Amino acid sequence: MTPAIELKKIDKSFGAVHANKAIDLTVAKGSIHGIVGENGAGKSTLMSILYGFYQADEGEILVDGKRVDIPDSKTAIAHGIGMVHQHFMLVENFTVLENVVLGAEGGGLLGRGVAKARAELKRLADDYDLRVDPDALIEDLPVGLQQRVEILKALFRGADILILDEPTGVLTPAEADHLFRILRVLRDEGKTVLLITHKLREIMAVTDTVSIMRRGEMVATRKTAETSMTELAELMVGRRVLLRVDKAPREPGRTVMSVRDLTVRDSRGVDVVKNVSFDLREGEIVGIAGVSGNGQSQLIETLAGIRHAVAGRIEVNGTAVDPTRRDIDPSRIRALSVAHVPEDRHRMGLVTRFFEYENAILGYHRDPAYGKGAFLDIKAIRDAARGEIEKYDIRPPNCLLKTANFSGGNQQKIVLAREIERDPAVLLVGQPTRGVDIGAIEFIHRRLVELRDAGKAILLISVELDEIRSLADRVLVMFDGALVGERPPETDEGELGLMMAGVNREAAE
Amino acid sequence: MFDMLILILDSTVRLSTPLLLACLAGLYSERSGVFDIGLEGKMLGAAFAAGAVAALAGSAWAGLAAGIAASIALALLHGFASITHRGNQIVSGVAINFLAIGLTALLGQAWFQQGGQTPRLPQEARFTDITWPFADSLRDVPVIGGLYSELFSGHNLLVYVAFLSVPLTWWVLYRTRFGLRLRAVGENPAAVDTAGISVTWLRYRAVICTGILCGVAGAYLSTAQSAGFIKDMTAGRGFIALAALIFAKWRPVPAMFACLLFGFLDALAIRLQGQPLPVIGQVPVQVFQALPYILTVVLLAGFIGRAVPPKAGGVAYVKERT
């Protein structure tokens, strides 16, 4: 059978960055084909070339055995290629229907075309189990449904080949499962699905074939049934990696941080953290699991002194902190030996236009080790930065580079090094491995466990359930601003997933 | 009292017209994600071109065409700077305002030697008032007669064009493919791009619409409201129109009411000049003249609720390097 897509010797550079090196890829019709690779391996670039977002410098594309040029998205659509982007390409204050017809309105006036689209949408919903209210506004829909709208958009345009770019990053486990069911239905109906991801578990769960990319090259293609996560991880990174974190059991010590009845209100006047209480003890990692947007961000920001609470008490090492007071700020919290690795390193953790060594002391610039009064001791700062670079294997090892020039994983290590090297009693960590490749993830996880073994208390917030389960000693589940339960990390993923979705198993039974 | 009210409303309509045209003009551009503080400059350029050409050709229509052409040219300049070259839209808008002020004064003096004015237009080179059928005979019917013959009848063509542009704009925005795409590109240009539509071409068409309407607004000033171009005759109307646009949250029908409100304050200021008010007594003219501006500040300071601008407004579209 003619393959749905054949890529031959695709080459693409952005300036000095060689994003795709002579890529060959064959995708069989009616299959789910996974493409895995670390961040920056060139997966997204390759798919963007296929969708006409970028043009390849060299190479050819064959769709259904015919050589085609894809200069823009319009041509890609005409060849039956549809794409579901990682960041949804939806107009938030439009209805589902308006988003679906955008670019395929069927005439200069909306009336008739939109009526037809409504009928077509209903047919698609029935055929593929893709139900969404056509008149709902996108901004009112949960992300899972927004993603469904993206799939509908592609199908409405007659896509036979569907590319999904990191589709599960924003989904709950249950939503991800539903997505996989939809993908299988699409495949069984004869569509071809290309799934780009860095999550090996998804590849194993849903694909028929998998291709592995590393540093711009296509290194291997395997039948999913004939490979394993370990082999894939090795191919992705180019060396052996430990997928599990080695962690010896450890008896936690005394309580170093206790939080009682913490309530946080956002600027809209909505309570986003509700009556949260928990203790953090020496030598333990407490993980907070939850679907993004359920108050975890506000919780960690309040604990770090960035936000103020409307009620509640916090005690750190015996010192009471009133989180509702306006004069609480991050530097005061830091003075209590609480360090914070923010969830979003670009927004809060780093000034990417600064040099590496400047970022290495951000927030600690008043430390007498780095200068006297208003003057900074640049030499001392650079020496400290160089020490951290070596200890954390930050690459390239040059503290005089702009921070923006480091990869995501290395940027994260800069933040981590800065916070950990101040020897805090409590470490608050948000999404430590978001946008970080497997090699660096392994390093960061090991470092966190070492810290725990050294008797520090760590609060870990992550949307990656796997990460929480492999690192934490206790798992607290957060839903809609409240802690809805505590479970040991060995708890079945399905059960945690249900709790994260607000379904209480005991209540349900 | 009623006659007085009719008179004030009548001048409200006349004074609102250029605001409304400029406001709708801004709506097209800003809804597509291109901020335009150069409405003032485009209006001024159009007023000059319309005044000059109408004087030379002796035709109001020729003047209107010239006004629109001049305004489109300035709009395209803004587009070239901010869409094609992704320049800062505010800076480009300011530049166009300065360009228009300087160029109209310079060319006016060079061509006509009347201190920057264009020659006074004869009646036949202006848009004159159109009297509706039976306006005179109905004049004496109470209430309705006054409304019909003074308020609805007896305006020039461009006034009707301005007010008809409101439902037209609404229809374009919400009932046509162009409108759907226009609204989309101002919110999320990446969505438009990935749907296979050219963001650049779409935004260019939007700024051309802006150019056309600003052109009409300028021509109205110099060939309908007045009989010729006077230096700086827009007198900040472009900025008031912008304020009205924000006040109306970028929607056509509220835009009309916002412009009517500003026009009404203006009419009131003219009417009340030099007249003592009950209780307060004599009020300096300047207080009334300042009213529209004070209102603008008060309204924009948050009395209108949150005005959420088009999300992608002010930002040039660059394909993301992923």
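This is a predicted model: local features need pLDDT of at least 70, side-chain atom pairs count only at pLDDT 80 or more; totals for chains, interfaces and linings use all residues.
1. Confidence. For the complex the predictor reports an ipTM of 0.87 and a pTM of 0.78. In chain B the average pLDDT is 90, and 98% of the residues score at least 70.

2. Domains of chain A. Nine residues from domain 1 of chain A and eleven residues from domain 2 of chain A make up the contact.3. Domain 1 side of that contact. On the side of domain 1 of chain A that touches domain 2 of chain A, α6 (173-188) and α8 (229-237) of chain A each supply at least two residues. The largest share, three residues, is that of α8(A). By residue class, this side of domain 1 of chain A holds six nonpolar, two polar and one charged.

3. Record annotation. The UniProt annotation "domain: ABC transporter", from an unreviewed entry, covers residues 5-240 and 257-505 of chain A. Within residues 5-240 of chain A, 36% of the chain is helix and 27% is strand. The end C-alpha atoms of that stretch are 32 Å apart.

4. Six-stranded sheet. Chain A has an open sheet of six strands with mixed pairing, in the order β6-β7-β8-β3-β9-β10. The edges are β6 (81-84) and β10 (217-223) of chain A; each has a single partner strand, so one side of each is left without a neighbour in the sheet. From one strand to the next the twist averages 20 degrees.

5. The β9 and β10 pair. Strand β9 (residues 209-214) of chain A pairs with β10(A) in the antiparallel sense, over six bridges. Arg214(A) stands opposite Glu217(A), which belongs to β10(A).

6. Helices on the sheet. α8(A) packs on the sheet, where it touches β3 (32-36), β9 and β10 of chain A. The direction of α8(A) makes about 30 degrees with that of β9(A). α8(A) is also the helix that gives three residues to the domain 1 side of the contact with domain 2 of chain A. Helix α5 (residues 143-156) of chain A lies across β6 and β7 (161-165) of chain A, and runs at about 170 degrees to β6(A).

7. Pairing of β1. Strand β1 (residues 5-14) of chain A pairs in the antiparallel sense with strand β2 (residues 17-27) of chain A, over seven bridges. Ile10(A) stands opposite Ile23(A) of β2(A). The hairpin of β1(A) and β2(A) has two residues between the strands, and Gly15(A) in that hairpin takes a positive phi near 55 degrees. β1(A) also pairs with strand β4 (residues 58-63) of chain A, again in the antiparallel sense, over five bridges. In that pair Ile5(A) stands opposite Val63(A) of β4(A).

8. Contact between the chains. The contact involves 18 residues of chain B and 26 residues of chain A. On the side of chain B that touches chain A, α8 (177-187) and α9 (189-194) of chain B each supply at least two residues. α8(B) gives the largest share, five residues. The residues on this side of chain B divide into six nonpolar, five polar and seven charged.

Notes
Residues are numbered from 1 along each chain as its sequence is written. Chains are lettered from A and ligands numbered from 1 in the order in which they are written. Two residues are in contact if their C-beta atoms, placed from the backbone, lie within 7 Å. Helices (H or I, at least four residues) and strands (E, at least two) are DSSP runs, numbered from the N terminus. Ala, Val, Leu, Ile, Met, Phe, Trp, Tyr, Cys and Pro count as nonpolar, Asp, Glu, Lys and Arg as charged, and the others, Gly among them, as polar. Two strands pair if DSSP finds at least two bridges between them. Axes are lines fitted to C-alpha atoms, for helices over the stretch in contact, and angles run from 0 to 180 degrees between N-to-C directions. pLDDT is the predictor's confidence in each residue, from 0 to 100. UniProt positions are given in the numbering used here, feature names are shortened, and annotations may be inferred rather than shown by experiment.
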